Amino acid sequence: MASWLKQVGDPVEPGEILAEIETDKALMELEAYDAGVLEQILAGEGARVPIGIIGDGSGSATSTSNHTAVGPAAAAPTDQASPTAPASHPGDTPVPVTSTAPAVTVRETAAASGDQAPDRKKSSPLARKIAEELGVDLSAVVGTGPGGRITRQDVESAHHADRLASPVEVTTAPESERSTPEPASAAYTEIALTTIQRVSATRLTESKQQALPHIYLTSAIDVTDLFSFRAQINDTLAQTDAGKVSVNDLLVKAVAVALRANPSINVSFAGHKLLQHSGIHLGIAVATPAGLLVPVLRYADRKSVSEIAAESRDKDERARDRKLRADEMGGGTFTISNLGMFGIEHFTAVINPPEAAILAVGAATDELRLDDGRVVTRTILRATMSADHRAIDGAVAAQFLQQLGDLLGHPLRIVT
């Protein structure tokens, strides 16, 4: 529980935000689905099991006959979560539910007059949007939200399940071949995984299991002129006290332009069909103390380099402070992971499902090259593209990298 926005005694209307909840990667807003009065807060800010009660205002917060319990229940550790929630019925004891998405235990209530609350479509707007983009049939999705409400994570989980072309065979080594457990007396320190690290581990495993035909292509790109171009831009921006533009900002813009010219890269694999996304939404991997986060720059191809720079700085800072909203990290169509600032010259990255490709960018280094028989020094950057071969052919990926190299080698083309 991050914070309560409503206090005891406050009236509550459907759609109002009750509290902010810290989830696996971001702060989520907890929305009220019934009208009433917040009679009691059972766990305050900082608690791991936030529960609140909305009633009719009579103060009968402990009554089990006329209230709605809201908040992520945590009766069991999240890594033992069940993907579906048991149904609750009037008169039953509330059943705590835990899931990898923020779970909410909801009790159906009737107003004092006995009238039933109007029926609502039990799926969030974000879930419906993502379902439309991914081609997921919501009627076949099991919701883990309040009252069976379908969440973004439910849609993505259903989509990932559909993408399994064939079951993954898992074999267990015979008893005699299994490694001997380390003695309990061995010297080591147990470090609990953060929620972000647990979720990342699950998603990376899914990526390698589901998008088995990863292909990797590396291109050595001459960025000598790009560095000079960046210096000119920053000199101009300095005259207006505007923020500086980084090499990564120019790279993001170049990737967006290249994706616009190669829509067959901006796709997702969906069983017997491909989903070609109309919007270019770039995920930018950010390393935080709690784990890897990927804020998304939506419609990056429509933004100027300075706009990309400003938005990237803002989301990078908020990602490190765990202040990004969930919708700011969802809906990406292509991801960029840059480890150049750590001196890494070349690496491969794991695709972030349901995307079909990711670009791993290394450090730019000075190298000797031949130019018309003369030995010259050029600044070279290596970029490696990991692609799902089910969705992207090798030749198509190679053409994309070639065009990206041309853009970075002639940086005026990025902004024109």
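**View 1. Packing of helix α5 against helix α6.** In this predicted model, helix α5 (residues 247–261) packs with helix α6 (residues 305–320) at an angle of about 120°, and their axes lie 9 Å apart. Helices here are DSSP runs of H or I with at least four residues, numbered from the N terminus, while axes are lines fitted to C-alpha atoms over the stretch in contact, with angles running from 0 to 180 degrees between N-to-C directions. α5 and α6 are therefore oblique to each other, a term left for angles that are not under 35 degrees (roughly parallel), over 145 (roughly antiparallel) or 65 to 115 (roughly perpendicular).

**View 2. Residues between α5 and α6.** Asp249, Leu250, Val252 and Lys253 of α5 meet Val305, Ile308, Ala309 and Ser312 of α6, where contact means heavy atoms within 4.5 Å. By class, this contact of α5 with α6 has five nonpolar, one polar and two charged residues; Ala, Val, Leu, Ile, Met, Phe, Trp, Tyr, Cys and Pro count as nonpolar, Asp, Glu, Lys and Arg as charged, and the others, Gly among them, as polar.

**View 3. Packing of α5 against helix α7.** α5 and helix α7 (residues 394–409) pack at an angle of about 135°, with their axes 9 Å apart, and are therefore oblique to each other. On the α5 side the contact is made by Leu251, Ala254, Val255, Val257, Ala258, Leu259 and Ala261, and on the α7 side by Phe400, Gln403, Leu404, Leu407 and Leu408. By class, the contact of α5 with α7 has eleven nonpolar, one polar and no charged residues.

**Notes.** Residues are numbered from 1 along each chain as its sequence is written, and side-chain values use heavy atoms, with hydrogens and water left out. Local features need pLDDT of at least 70 and side-chain atom pairs count only at pLDDT 80 or more, whereas totals for chains, interfaces and linings use all residues.

Conventions:
Helices (H or I, at least four residues) and strands (E, at least two) are DSSP runs, numbered from the N terminus.
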